[in-house]
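Subject: Structure handover and findings

Hello,

Here is the structure for your files. Please open it before reading on, then go through the notes below.

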Amino acid sequence: MGKIVVIGSINMDIATELAEMPNIGETVKGQDALISPGGKGANQAVAAAKLGGDVVMVGMIGNDAFGADALANLNSFFIDVTHVRSIDLTTGLAVILREHGDNRIIVAPGANNAWPDDLQLEEVITDAAIVLLQNEIPFSIIEKAVDIALRLGIPTVFDPAPVDYFPVSFLRKITYLTPNETEFKQLPNDILGGHTKAVLMTRGKDGVRIYEYNESKDVPAIDVDVKDSTGAGDTFNGAFAFALSKGALLHEAVHFANQAAAQSTTKIGAQIGMPHLEDIEADLEK
C-alpha cells in the first residue's frame, strides 16, 4: 500500500443544530455548539488514516490555539504532518448550521489562503501512490500539484468543492473527479478526455453515478439512519483514495467509499463519524 498525499485545507469547525434556519435579521436558538477539527483536506486525510492508510498531510495552519488543536488532531491519527506549515494568520474556520440532518456551511479560509513560495511539493508528491486534492486552497497550488503528479505518472483525485471556474484543460489532467450533484452541474460538459479516467458524481441518498468514456453506471446508496451528513463527501474521497492505494479497481473503490460515506452519517461530527476499516468490513459481511 502506497502513500496517500493529501494537499488541502485545515480548519476548525463550529457547529450547532437548529430547528429551522434564521431569516435575514432574525436570531434563533441553537443547541450546544460543537467545536471540532475540520477542513476538506484534513477531513479527507483523517478518513483515509482511520481506515489504515499511510497518509501525508500538506497544508497551512495559523499560529493560534485552533492551529495547535488541528495539528494535534492530525497527529492523533498518525498522519505525517512534516509538510504542515504555520503562519501568523488565523487558522481556517468553518461555521456549520445543521437542520434535520442537512447542513449549510460558511468557511473563513484564514491560513489556508497563504501558501509559501518555497513549499517543496515535488519532494512530497514523488513518494505518493495517489494525490488527493480539494478546492479550499489557492488554485495555483492545486494546479502545480496536479502538473507534478501528471509528470510523475501519479494518479490524482480532485474534489472540486467549492466549485469555481476550472479550465477544461486543467480538469482533463485529473485522473478522478468527485463532484457532488450540484457541483457536477456547474462543471463544463466535456470533462471526460485527456488523462481523466472517470467522473464520480456523489448524490447523497441516491448513491454515486460513475461516468467513464463510453458508459455511466449507478451505484446505489447504503440505507442508514442519517444523523449528520457533514463530512460524508470527505469520507467518500478519503475512502476512495485509500481503496485505490491498496490496488482496488475503480468500481471496487467506489463501492467501498460508498459504504464508508454512509456509515459516516450515522454519528454527529465530520471526523468523529468516519469509520474504521473493521466497521466497513463488518457491514460488508452482513
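Is Ala243 buried or exposed? Ala243 is buried, with a relative accessible area of 7%. Here, buried means under 20% relative accessible area, exposed means over 50%, and partly exposed is in between (1.4 Å probe, protein chains only).

Some ground rules. This is a predicted model, so local features need pLDDT of at least 70 and side-chain atom pairs count only at pLDDT 80 or more, while totals for chains, interfaces and linings use all residues. Residues are numbered from 1 along each chain as its sequence is written, and side-chain values use heavy atoms, with hydrogens and water left out.

**Ala243 and helix 7**

Ala243 sits in helix 7. Helices (H or I, at least four residues) and strands (E, at least two) are DSSP runs, numbered from the N terminus. Setting aside neighbours within four places in sequence, Ala243 is in contact with Ala248, Ala253 and Phe256. Contact means heavy atoms within 4.5 Å. Ala48 is 195 residues from Ala243 in sequence, yet the C-alpha atoms of the two are 8.9 Å apart.

**Helix 1**

Ten of the eleven residues of helix 1 are buried, so this helix is largely enclosed by the rest of the structure. Among the buried ones are Gly41, Ala42, Asn43, Gln44 and Lys50. After helix 1 comes Gly52, with a positive phi near 110°.

Take Asn43, in helix 1. Its relative accessible area is 4%, so Asn43 is buried. The side chains of Asn43 and Asp234 are joined by a polar contact of 3.0 Å. A polar contact is a pair of N or O atoms within 3.5 Å; within protein, one must be able to donate a hydrogen and the other to accept it, and residues adjacent in sequence count only if both atoms are side-chain atoms. Beyond four places in sequence, Asn43 is in contact with Pro37, Gly38, Asp234, Ala270, Gln271 and Met274.

**Helix 8**

Two residues here. His251 counts as partly exposed, at 21% relative accessibility. Asn258 counts as buried, at 8%. Not counting residues up to four places away in sequence, His251 touches Ile210, Glu212 and Lys217. On that basis Asn258 touches Val208, Val219, Pro220, Ala221, Ile222 and Phe236.

**Loops**

Thr178 is in the loop between strand 10 (176-177) and helix 6. Thr178 counts as buried, at 2% relative accessibility. The Thr178 side chain makes a polar contact of 2.6 Å with the side chain of Asn237. Leaving out neighbours within four places, the contacts of Thr178 include Val157, Phe158, Asp159 and Leu200.

Two backbone points to check. The peptide bond from Ala161 to Pro162 is cis, with omega near -5°. Pro162 is in the loop between strand 9 (156-159) and helix 5 (168-171). Phe78 is not a glycine, but has a positive phi of about 60°. Phe78 lies in the loop between helix 2 (65-76) and strand 5 (80-87). Phe78 is exposed, with a relative accessible area of 77%.

**Nonpolar cores**

A nonpolar core is a set of buried Ala, Val, Leu, Ile, Met, Phe, Trp, Tyr and Cys residues joined through side-chain atoms within 4.5 Å. The largest has 45 residues, and Leu74, Leu200, Phe240 and Val254 have the most contacts inside it. Apart from that core lies another, of 33 residues, among them Val5, Val131, Val146 and Phe166. Beyond four places in sequence, Leu74 touches Ile10, Ala42, Val46, Met57, Ile79, Val81 and Val84.

**Largest pocket**

The largest pocket is lined by 47 residues. On a 1 Å grid over the protein atoms alone, a pocket is an open set of points where a 1.4 Å probe fits, with protein on both sides within 12 Å along at least five of seven lines; lining residues have an atom within 4 Å of a point. Nearest the centre of the largest pocket lie Asn103, Asn180, Ser229, Ala232 and Gly233. Elements that each supply at least two lining residues include helix 1 (40-50), helix 7 (232-245) and helix 8 (250-264).

Best wishes
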